[in-house]
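I set out here what I looked up in this structure, one topic to an entry.

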Amino acid sequence: MTAITDMVAFEKDGDVAVLKINNPPVNALSHGVRKGLLEGMKMAEADEDVKAVVIHCEGRTFIAGADISEFGKPMQEPGLKETQDAIEDSSMPVVAAIHGTALGGGLEVAMTCHYRLGVPKAQYGQPEVKLGLLPGAGGTQRLPRITGVQKALEMCVIGNPIGSPEALETGLIDELVEDGDLLEAAKAFARRAVSENWPLKKVRDRDEKLADAKANPSIFDDFRRKVARKTRGFMAPEYNIRCIEAAVELPFDEGLQREQELFVEVMTSLQSQAQRYYFFSERQANKVPDITKETPLREIRKVGVLGAGTMGGGIAMNFANAGIPVVIVERDQEAIDRGLGVVRKNYERTAKRGRISMEDVDKRMELLQPALDKGAFADVDMVIEAVFEDMELKKSIFAELDGICREGAILATNTSALDVNEIAAMTKRPEDVIGLHFFSPANIMRLLEMVRATKTGQDVVATCLKLSKAIGKIPVVVGVCPGFVGNRMLFQRGIEANQLILEGASPYQVDQVIYDFGFPMGPFAMSDLAGLDIGWKEETSSSSTVREILCESGRRGQKNGRGYYVYDPETRASAPDQEVLDIIADFAKSKGIEQREVSDEEIRDRCLLPMVNEGCKILEEGKAMRASDIDVVWVNGYGWPVYRGGPMFWAESEGLGNIAEKIKGFGDSIGGDHWALSPLLEKLVADGQGFADLEPQTIR
Ligand code: 3HC
Ligand code: NAI
């Protein structure tokens, strides 16, 4: 074996040369890989004994794409195209041996090989769109020539990979290597290609799969319409479509050139920068400064959930989905029956959509063991409490759990805003207590705010980080403060949104501005969805806010068809309501507030800037480890558009100096704690620094 670069080796086995890539963790196409493959192809061509080449990767995966960390830096030669040309124009068959994930540039390299083989579990995709990009190495031109236009549109514009069975069916791979050694199978395949004199198939020369779209160009607009809702606000999906259109309309080389032009546009866009930043932020959030591979872990084999309401049921489903048994305790039989009934319905709906089988439904339900006595938690390794948001109730429950649960069991609360230190203090083992703030619906939402209280043990944090991966969550470690990161910032937005409607903006205008910014819905539509009466009590209601008055007049939100909006009972479509505008106007008048026209720009600034200011305060108080963690919370938990990176990234893209100036301005004209400029923000501006200049901090 000869090392060509530190990432690619050349190995000869008789008449087959193997180019072995070893660039952990995902064999990305870093400079050393591109160079190694190019040199390796030249070595093979120059070696008289070599009759075929196999490209194979060490470790867990085939090439998973271009090296994203190289983006935005000067390109080191050779570029990927030169390497691909060497493969495609080779005088001998080149075979890609695929395991793991052949993604992005990885699939694009594979498509320049003459043949492709895959193991059953391998996946193939062009996920560039998720990074605000498009396949920039011929993917948009070659993929439709293999799979046909419709499939290529789906793969490039949505970005989800396909598995081996589908890859085989569409011709993306030539053969499935069912079992045994992939590399040996690929060598044998290559030898067959040589001995049987198979043609050197070049995807670029194949046009037959483009014929349908050529005859029926409306396929593109049909597809645009189909994905319009999902891709609203994003730039890259449309650019991917245009490239595939070019594949159909133009000769291969011109199509390739078009792809390059459009690639440069998306690559240099703020949207892609935001999405790439977000990709790394999500992975960064897992890393906690004082937790290492050596930090001991606790074993979680069985979990307890207290409360089978909205959250408890969803939380339990996460564990059942991962095959972890759960004991669920409720107050009475009716509550447990109702809770588990909702869980079953949820699973059955998923089964109806074909995502799981009915057998899976039963298996998962069997993992959920109902009980009416907390004594059933005696042997669990972790309990997650999800009862009403009431401090006294939670405190008494933790004191009780302390007496029931075994030594070493983790005691977690799903509180959305309460002081986890105060709850932990009710036990003799505060080091075992942590906040695990799931988001609703808990079986679907991937964000998990992991609230590290002052005494929470490192091993408890480490265990919960590992566990969150097992149940498919994206954890962000945060500190104890009212509302933690997400709700604390949401609260600031709420203050201004409620004030704006008194000053004359309608709830519909506010919602529209937030929707146009890229959120799935605005604050008032969100209140209607959650229920206006959350936390509202008729007995104590005193007409002191618009929301209270709406509740008093029988408006509860979507659930009874009337909230800030009215809802069509059949379609659930929402419409504005003059009665609500009158209620608001009367209330404003009673408070002596004169209503005026409010601009969209003012709405945007007043809703979003206090969030950024609060994010900075969260950082300066040490309640988040890094600014990017705050962005992960907002993108994942609250629908901040990922193409704007998150509130902190957005603030930087707008210029921290600008943002600080505006906050100061509103502080002078409006006042209030939420407009008091964060000293951290002020300092960053004064020092000409950004959030990336701050060291990650340990939350205590
Ligand atoms: N470039 C650089 N680093 C990458 C990378 C890439 N393409 N893909 C993953 N990584 C890094 C991650 O940042 C992470 O680093 P860390 O350990 O320091 O945090 C590490 O590899 C492992 O990644 P994951 O934690 O995501 O590992 P998983 O096993 O969960 O997932 C994966 C593996 C499915 C490959 C996933 O990482 C992934 O989806 N990667 C991105 C794939 C992609 O988008 N490829 C297209 C790139 S753009 C492109 O190819 C342009 C071309 O058209 C020219
Ligand atoms: P819920 O009212 O739907 O469910 C609470 C359940 O707890 C009820 O089924 C009730 O019977 C049960 N319960 C109450 N006291 C109990 C006791 N002593 N023993 C056993 N069971 C008991 O409430 P929800 O919405 O599920 O909220 C639960 C917790 O999750 C709260 O702390 C809330 O703040 C938090 N949370 C809620 C979110 C939401 O969107 N609903 C989001 C994130 C967190």
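**Entry 1**

I began with a bridge: Leu-103 has Gly-125 in S8 as its bridge partner. The model I am reading is a predicted one. I then traced the strands concerned and found that S6 and strand S8 (residues 123-125) run parallel, joined by 3 bridges. They belong to an open sheet of 3 strands, ordered S6-S8-S9, whose pairing is mixed. Strand S6 (101-103) and strand S9 (162-163) form the edges, each pairing on one side only.

**Entry 1: helix H23**

I next turned to helix H23 (residues 578-590), which has 13 residues. From first C-alpha to last I read a reach of 18 Å, close to the 18 Å expected at 1.5 Å a residue. Which residues of H23 are buried? I listed Val-580, Ile-583, Ile-584, Phe-587 and Ala-588. These lie on the same side of H23, because they cover an arc of only 130° around the axis. Their packing partners are helix H19 (486-503), helix H20 (507-517) and helix H22 (546-552). On the face turned away from the buried side I noted the exposed residues Gln-578, Asp-586, Lys-589 and Ser-590.

After H23 comes Gly-592, which has a positive phi, near 75°.

In soluble globular proteins, nonpolar side chains tend to be buried together. I therefore looked for the cores. The largest nonpolar core holds 94 residues, and the members that touch the most others are Phe-377, Val-510, Tyr-564, Leu-608, Ile-630, Trp-634 and Trp-640. Helix H24 (residues 600-620) contributes the most to this core, namely 9 residues.

I then took Trp-634 on its own. Not counting residues up to four places away in sequence, Trp-634 touches Val-485, Gly-486, Met-489, Leu-490, Arg-493, Phe-519, Met-611, Gly-639, Trp-640 and Pro-647.

**Entry 2: Ile-670**

Where is Ile-670 found? I located Ile-670 in the loop between helix H27 (656-669) and helix H28 (679-687). Its relative accessible area is 34%, so I recorded Ile-670 as partly exposed. With neighbours within four places in sequence left aside, I found Ile-670 in contact with Glu-496, Arg-606 and Trp-675.

How values were computed. Residues numbered from 1 in each chain as written. Chains lettered and ligands numbered in written order. Predicted model: local features only at pLDDT ≥ 70, side-chain atom pairs only at ≥ 80, totals over all residues. Heavy atoms only, no water. Core = buried A, V, L, I, M, F, W, Y, C linked by side-chain atoms within 4.5 Å. Buried < 20%, exposed > 50% of the residue type's maximum accessible area, 1.4 Å probe, protein only. Helix = DSSP H or I, 4+ residues; strand = E, 2+ residues; numbered from the N terminus. Contact = heavy atoms within 4.5 Å. Pairing = 2+ DSSP bridges. Expected span 1.5 Å × (residues − 1). Arc of directions from axis to C-beta.
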